Amino acid sequence: MLSPGGEKHMKKLGIILASFTCMFVLSAFDKHGTLENTKHLTTAIVDYKTMQNDDEYMREKMAELNFSEIEIDVEYQGGKEFEAEIDQDRNEPILAEVEDDLNNVYLRGKEAFDHIFEKAKKLDLTSNSSKQEVIDQVLNAFDLPNDYIKIEVEIDFDDGKKLNVEDRK
């Protein structure tokens, strides 16, 4: 049971709460009457789903290869470089990146992954491959000139073995 005048206070409280609720809801709209926050939320959800789908796709493609990670760094005269990397850490999304100064190609994500994967699947290397075999296959598969100053190739194979090759001319 409310005290005398309590009903009056409850009505005022109800009006105040309703006013704040209306202000909060209306503040979510932009000047064009669209829900601004909903747009951002929808974009975030779509981006997350796309990232998940891309990661699943990349993991399926990587299962076709005998290695889980690859990093290639080739330096040429005039400061030009070719860098390509697929980094696959456990419980983390796959990261892929291409920085190709020779052809002005700079890619990240799925686009970079596809670019690298199409070339990497031509490689027939093992952890026992010779230094020269690794260099020749990488240059050939990635259509790179052999007049490099320095080349580094790191590959982590599915069997846990690693291959690290470095050469300077």
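This is a predicted model: local features need pLDDT of at least 70, side-chain atom pairs count only at pLDDT 80 or more; totals for chains, interfaces and linings use all residues.

Trainee: OK. How are the rings of Phe113 and Phe117 arranged, stacked or edge-to-face?

Mentor: First, the general idea. A pair of aromatic rings is described by the distance of the centres and the angle of the planes. The structure holds four such aromatic pairs. In one of them, Phe113 and Phe117 are stacked, with 5.7 Å centre to centre and 15° between the planes.

Trainee: Is Phe113 buried or exposed? And Phe117, buried or exposed?

Mentor: Phe113 is buried, at 0% relative accessible area. Phe117 is buried too, at 1%.

Trainee: Which residues form a cluster through ring pairs?

Mentor: Tyr57, Phe113 and Phe117 are linked that way.

Trainee: What lies over the face of Tyr57?

Mentor: Lys110 does, at 4.5 Å from the ring centre. There is also Lys169, which lies over the face of Tyr148 at 4.4 Å from the ring centre.

Trainee: New topic. Where is Ser129?

Mentor: Ser129 is in the loop between α3 and α4, and α4 covers 131-141.

Trainee: Buried or exposed, that Ser129?

Mentor: Ser129 is buried, because its relative accessible area of 11% falls under the 20% cut-off.

Trainee: What lies 2.8 Å from a polar atom of the Ser129 side chain?

Mentor: The backbone nitrogen of Thr126. Leave aside neighbours within four places in sequence, and Ser129 is in contact with Val134 and Leu163.

Trainee: Now for gaps. How do you look for them?

Mentor: Rolling a probe the size of a water molecule over the atoms shows where empty space is left.

Trainee: How many cavities of 30 Å³ or more does the search find?

Mentor: One, in the whole structure. The largest cavity has a volume of about 30 Å³. Its lining is Asn66, Phe67, Leu123, Asp124, Leu125, Ile155 and Phe157.

Trainee: And how much space lies in the largest pocket?

Mentor: About 200 Å³. The largest pocket is lined by 14 residues, and the closest to its centre are Ile94, Leu95, Ala96, Arg108 and Gly109.

Trainee: Which elements give two or more residues to that lining?

Mentor: α2 (36-62), β2 (81-87), β3 (95-100) and α3.

Trainee: Which gives the most?

Mentor: α2, with four residues.

Key. Residues are numbered from 1 along each chain as its sequence is written. Side-chain values use heavy atoms; hydrogens and water are left out. Rings of Phe, Tyr and Trp (its six-membered ring) pair if their centres lie within 6.5 Å; planes under 30 degrees apart count as stacked, over 60 as edge-to-face and the rest as tilted. Buried means under 20% relative accessible area, exposed over 50%, partly exposed in between (1.4 Å probe, protein chains only). A charge sits over a ring if NZ of Lys or CZ of Arg is within 6 Å of the ring centre and within 35 degrees of the ring normal. A polar contact is a pair of N or O atoms within 3.5 Å; within protein, one must be able to donate a hydrogen and the other to accept it, and residues adjacent in sequence count only if both atoms are side-chain atoms. Contact means heavy atoms within 4.5 Å. On a 1 Å grid over the protein atoms alone, a cavity is a set of points where a 1.4 Å probe fits but cannot get out, and a pocket is an open set with protein on both sides within 12 Å along at least five of seven lines; lining residues have an atom within 4 Å of a point. Grid points are joined across faces, edges and corners, and a volume is the space filled by probe spheres set on the points.
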